[in-house]
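Reader: I am new to this structure and would like to know what stands behind the words used for it. Could you take me through them?

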Amino acid sequence: MAGILSRTAALRSKAGSCPAGLLTRWLSPAAGNAGRSFSSSSSPDSSAERITRIQRIIDDEGVVLLPGCYDALSASIVQKTGFSAGFISGYSVSAARLGKPDIGLMTPPEMAAAARTICASAPDIPFIADADTGGGNSLNVQRTVQDLIAAGAAGCFLEVLFTDLVFSVLKLTSDSHSDWLTDCEFLLLLQDQAWPKKCGHMRGKQVIPAEEHAAKIAAARDAIGDSDFFLIARTDARAISEKYGLSEAISRANLYMEAGADACFVDAPRSDNELREIARQTNGYRVVNMIEGGVTPLHTQEELKEMGFHIILHSTTTLYTAARALTNMLTKMKQSGSSKDHLDMLASFAEFNQLINLESYFAREAHYAEYKNALEARNELKASSGAL
C-alpha cells in the first residue's frame, strides 16, 4: 500500500501538466474503480454500472477460460468444443502465418486479415484480437483498430508505440513507449512494457514508469465512457527483479485499478505462492495466463478460480498441440514413406468433413437448386400456356 500511496503522491505532484479535472477526478476516493474493488472470494457489485459482455460471462460461469487460436480452423474448433470466448493470440498467429516468434514482427494488416477469417469462422462467440503496436503513429493506430472492428473482432490487444491512441482521441499528449490497448467492442487492455515488446514469459523485458502507464489507463477509461468495454491493465514488472518484482507488480496493478481499470493482469508469476499473493493483494477482476513450459505453474480452471482469478488465458495451447501433432506425423511419414500405418494419428476424411460442416453446405446448395428448378418449371408452364 505504501508503494501505491507514494505513486499517488507523485501523480498529484504532476497535476499541473494534466487536463483540468482529470487527475482530481481520478485520484478521488470515488473515482476510477474504487467502487468495484473486491476480495478473492467475492464478486464486484456493479448493479449500478453497465455490465460488459465479458463481465456477464464471468458472472454466469464464475471464471472464463479463453483458449488461443491462430486461424479459422482453430477458432471453429474453439467454438465447437463449447468455449464461451476465444483469444486471437499474437504469439500464435505470428508462428502460424510467419513461422516467427512473438517479438513484434506481425503487421496490423496481417493481424486484421487473421481476425477477419477467425471471427467469420466462429460467429457465435466473441474473440479478442492482438493488434500489436498498431503500425505507427496515432493515425496508423486508428486505422488498425478500425480494420479490426470491420473484421468482426470483439476486441483487440493493441500495443501503442510512440503515440498513444487514447491520448490522441482525448486531445492529450504523451511520450509513449508501449502499451496494450484493446478496443473494438468488449475489451480494452493496456500493458506497461517498454518497446520492443516480448511475450511475457520471455527474457529481456523492460517496463515504463508506473505513473506514465496509470495516466494511460485513466485516459483509456475516459475514452471508453459508457461503451461496452472491459479494461484490463497488464503489468510485466514481475520480471524486473527477483526480490522486488512481485511487490512492484502488485503495486502497479492496484495503481492501475485506481486509475480506472476493470481487471488487472500481473503477468508471469513464478510460483503458487506468487499466484496466491497476487490474488490476495490485487483488486478487481484478475487475469492469469497458463503457458505450457512457461514460468507460471499450470493449474486447472477450478483451482485458479479458488485462488481468486476470473479470466484464464491459454494463449498457446492450440498452437503447441498442432505443432506436436504435425511434427510427430510428418516424422513417421518421412521414415516410412506413407501414412497408411499411422491413420490413428489423423482425423478421418468423414470426421474432418463433419468438423467443417460439409453436409450443411451440401444442404444449402440443394435448397437453392430446388429454388432454381421451381423457377424453371414455372417458366416452362408459362411458355406452354402461351403456346396454347
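Author: Gladly, and let's begin with disulfides: the structure holds zero of them. This is a predicted model, in which local features need pLDDT of at least 70 and side-chain atom pairs count only at pLDDT 80 or more, while totals for chains, interfaces and linings use all residues. Residues are numbered from 1 along each chain as its sequence is written, and side-chain values use heavy atoms, with hydrogens and water left out.

Reader: What makes Cys69 and Cys119 buried?

Author: Buried means under 20% relative accessible area, exposed over 50%, and partly exposed in between (1.4 Å probe, protein chains only). Cys69 has 0%, so Cys69 is buried. Cys119 has 10% relative accessibility and therefore counts as buried. Of the 388 residues of the protein chain, 47% count as buried.

Reader: Why is His314 called buried?

Author: His314 has a relative accessibility of 19%, so His314 counts as buried. This residue sits in strand S9 (residues 311–314). Helices (H or I, at least four residues) and strands (E, at least two) are DSSP runs, numbered from the N terminus. The protein chain has 15 helices and nine strands.

Reader: What is His314 in contact with?

Author: Contact means heavy atoms within 4.5 Å. Leaving aside neighbours within four places in sequence, His314 is in contact with Leu65, Leu66, Pro67, Gly68, Asn289, Met290 and Glu292.

Reader: And why does Ala75 count as buried?

Author: Ala75 has 0% relative accessibility, so Ala75 counts as buried. Ala75 lies in helix H4 and, not counting residues up to four places away in sequence, touches Cys69, Ile118, Ser121, Ala122 and Phe127. The C-alpha atoms of Ala75 and Phe127 are separated by 8.8 Å, although these residues are 52 apart along the chain.

Reader: How do you know that S7 pairs with S6?

Author: Two strands pair if DSSP finds at least two bridges between them. Four bridges join strand S6 (residues 230–235) to S7, and the two run parallel; Ile232 stands opposite Ala263 in S7. Two bridges join S7 to strand S8 (residues 285–289), also in parallel, and there Ala263 stands opposite Tyr285. Within S7 (residues 263–266), Ala263 and Phe265 point one way and Cys264 and Val266 the other way, and all are buried.

Reader: What makes a space a pocket?

Author: On a 1 Å grid over the protein atoms alone, a pocket is an open set of points with protein on both sides within 12 Å along at least five of seven lines, and its lining residues have an atom within 4 Å of a point. The largest pocket is lined by 18 residues, and Leu73, Ile77, Ala322, Ala325 and Leu326 lie nearest its centre. Helix H13 gives the most to this lining, with eight residues.

Note on methods: Disulfide = S-S within 2.5 Å. 1 Å grid on protein atoms, 1.4 Å probe; cavity = no way out; pocket = protein on both sides within 12 Å on 5 of 7 lines; lining within 4 Å.
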